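Please look through the structure below with its sequence at hand; the paragraphs that follow lead through a few of its features in turn.

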Amino acid sequence: MTEKEGREKLVAALSQLLADTLVLYVKTHGFHWNVTGRMFHSLHLMFEKQYKELWLAADALAKRIRTLGFPAPGSYQELSKLTRLRETQGIPSAAGMIAELLSDHESCARAARQALWIARSSIDAPTEDLLTERLMAHEHGVWMLKSLLADDTPVAMRQVA
């Protein structure tokens, strides 16, 4: 593979991660606005923290694509073709929001891991650094969201079937 082909492959992976990041940003921001229920306050604040981080991440990904000499996808049409994430139908319950964001962060982590492998193959340390940061952020999101869905009943008190 030539250097140019390697960069094109890397930019394709970065563009897909950018699309996923922006879709996740919009979804998280929408959930921030629409969450209700017992966990409203904590989820409202958590979603705000997450969507702000995603916005900055999208900007960093787009700037890296530009630095590599390619245009960054910037239209809804382009982003919808590139993303692997699904649009939310209606407004889910708070638990539904958590589960959906968990799944999306897992998907983004897989995309970041795949792009990181390509960056390592291309010997592109700056992109590796960016993708390592993205992978860590999505893994952190997975951990936080999974923790919210965990059964917090002590093991000794759970009924064994």
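Predicted model: local features only at pLDDT ≥ 70, side-chain atom pairs only at ≥ 80, totals over all residues.

Residues are numbered from 1 along each chain as its sequence is written, and side-chain values use heavy atoms, with hydrogens and water left out.

Helix H4 itself covers residues 94-121, helices here being DSSP runs of H or I with at least four residues, numbered from the N terminus. Its 28 residues should span 40 Å at 1.5 Å a residue, and the end C-alpha atoms are 41 Å apart, which agrees; the expected span is 1.5 Å times one less than the number of residues.

Gly37 is exposed, with a relative accessible area of 52%, where exposed means over 50% with a 1.4 Å probe and protein chains only. The C-alpha atom of Gly37 is separated by 16 Å from that of Leu145, 108 residues apart along the chain.

The largest pocket holds about 380 Å³ of space. Of the 20 residues that line this pocket, the closest to its centre are Leu22, Val23, Val26, Lys27 and Glu87. H1 and helix H3 (76-82) are the elements that give two or more residues to the lining, and H1 gives the most, with eight residues.

Terms used: Buried < 20%, exposed > 50% of the residue type's maximum accessible area, 1.4 Å probe, protein only. 1 Å grid on protein atoms, 1.4 Å probe; cavity = no way out; pocket = protein on both sides within 12 Å on 5 of 7 lines; lining within 4 Å. Points joined across faces, edges and corners; volume = space filled by probe spheres on them.
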